[in-house]
Amino acid sequence: MHNKHLISERRLSILSILVAFLFLGNIFYQLHVVPEWKWGPAIHKTPKHTVSDFRSEIFERGKSIYALAAYIDPNADYEPEAFPELVHRSQYRSTQLGPMVSDGCNVVVVHRLEQEGAAPITVIDIIHIGQRGGRIDRMTRYIADGRR
Amino acid sequence: MSRMIEYEWNVGTVTKLALSAMRIYLGCWMIVTGTSYWLTEFGLPSIFPHLVRNTPLSSQLLVTLMEVGLYDVVKTWEIIGGLMLVFNRFVPLGLIICLPITFIVWYNAIILNERYGHLFNPTHMGAMCFYMNILVMVGYARYYAPLVVTRAKMGSVKGVEN
């Protein structure tokens with residue numbers, strides 16, 4: 001024997017909207033409140049955009065320490081002494097000498113570093129943006145010898 | 001006066017309920033992912049980060065989509081498709097809109113990011129969204145069945161049943 005029931009279409013619609021709100025809340029909670037990734041300054045940005053912002057923080061806003069803390073993974077693979085601009089109150093200026101080249105998560109920047117009282121040096125930076133954390137996890141700097 | 005719907009508790013009703021729940025969940029998920037992206041485009045904080053930096057191939061895909069502007073298109077259609085599913089309007093069309101998106105999400109999450117362990121992980125929406133999309137489409141199969149014709153004829157929409 002079957003028991004037949006009746007429900008109005010409007011009630012069903014309201015019910016489904018309520019369920020949708022519950023689902024939205026759940027999805028928001030899972031993705032925003034307890035996400036499985038770290039929030040970093042590189043999120044939402046292409047690797048090139050990230051490196052461009054990283055350079056702006058150092059050379060335009062003079063916030064080297066912030067850039068170091070925010071953009072570079074604490075376990076990043078790089079030699080700090082090769083990046084003298086990443087120190088507090090660094091007086092280095094940088095002039096980009098060509099287009100920033102990006103391949104996947106690698107970005108290459110060729111630029112001239114200058115500081116008062118020191119000879120300018122041309123350097124090639126190869127910067128790698130790490131997985132999921134949205135931060136730089138590897139930086140290598142080569143000093144160009146100036147030959148064309 | 002709202003129309004009354006008659007139902008009884010049987011396998012068919014439970015299946016419809018399950019598929020409706022999937023339709024709503026998939027729609028909500030699409031709305032959240034689409035909205036999260038557009039919030040950042042308007043300078044607002046996002047709901048969750050877009051994971052551009054995964055494996056090199058996944059990054060290439062996402063970075064290219066962003067650079068050529070297709071990511072904007074995808075995220076817009078996610079919202080439109082999601083609203084169709086949640087509000088139960090034009091659902092068969094909404095599912096078709098969502099299908100290429102959920103397939104690319106699945107391909108990116110599983111194949112490009114090599115997360116084969118998540119292939120059937122029910123909590124991993126990167127994979128589940130595609131399966132949900134297919135399952136809900138099966139529920140609406142009667143709308144897609146007319147598409148499967150070997151010798152299709154051109155003509156007006158007259159006589160097409162809704």
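In the predicted model, A:Asp73 has a relative accessibility of 18% and is therefore classed as buried, the limit being under 20%. This residue belongs to strand E2 of chain A, which spans residues 72–77. A polar atom of the A:Asp73 side chain is placed 2.8 Å from the backbone nitrogen of A:Asn75.

Burial applies to both partners, A:Asp125 and A:Arg141. Elsewhere in chain A, salt bridges link A:Glu57, A:Arg61 and A:Lys63 into a network. Over all chains, the count of salt bridges comes to eight.

Two salt bridges are counted between chain A and chain B. In one of these, A:Lys4 is paired with B:Glu6, and the closest N and O atoms are 3.6 Å apart. This pair crosses between chains, leading from strand E1 of chain A, which holds A:Lys4, to strand E1 of chain B, which holds B:Glu6. Both A:Lys4 and B:Glu6 are exposed.

A salt bridge also joins B:Arg3 to A:Glu9, with a separation of 3.2 Å from N to O. Here, too, the pair crosses between chains: B:Arg3 is found in the segment before E1 of chain B, and A:Glu9 in helix H1 of chain A. The relative accessible area of B:Arg3 is 53%, so this residue is classed as exposed, for which the limit is over 50%. A:Glu9, by contrast, has a relative accessibility of 34% and therefore counts as partly exposed.

Between chain A and chain B, seven residue pairs are in polar contact, with both residues at pLDDT 80 or more. The side of chain A that touches chain B draws at least two residues from each of strand E1 (4–8), helix H1 (9–33) and helix H2 (47–60) of chain A. Of the elements of chain A, H1(A) gives the most to this side, supplying 14 residues. By residue class, the side of chain A that touches chain B comprises 18 nonpolar, 14 polar and six charged residues.

In total, 38 residues of chain A and 32 residues of chain B are in contact with each other. The size of an interface is often expressed as the accessible area that is lost when the parts come together. For chain A and chain B, the buried area amounts to about 3400 Å², and carbon and sulfur atoms give 68% of this area.

The two chains are also connected through strand pairing. E1(A) is joined by five bridges to strand E1 (residues 4–8) of chain B, and the two strands run antiparallel. Within this pairing, A:Leu6 is positioned opposite B:Glu6 in E1(B).

Definitions and conventions:
Residues numbered from 1 in each chain as written. Chains lettered and ligands numbered in written order. Predicted model: local features only at pLDDT ≥ 70, side-chain atom pairs only at ≥ 80, totals over all residues. Heavy atoms only, no water. Contact = heavy atoms within 4.5 Å. Buried area = accessible area lost by both parts, 1.4 Å probe. Salt bridge = Lys/Arg side-chain N within 4 Å of Asp/Glu carboxyl O. Polar contact = N/O pair within 3.5 Å; in protein donor to acceptor, adjacent residues only side chain to side chain. Helix = DSSP H or I, 4+ residues; strand = E, 2+ residues; numbered from the N terminus. Nonpolar A, V, L, I, M, F, W, Y, C, P; charged D, E, K, R; others polar. Pairing = 2+ DSSP bridges. Buried < 20%, exposed > 50% of the residue type's maximum accessible area, 1.4 Å probe, protein only.
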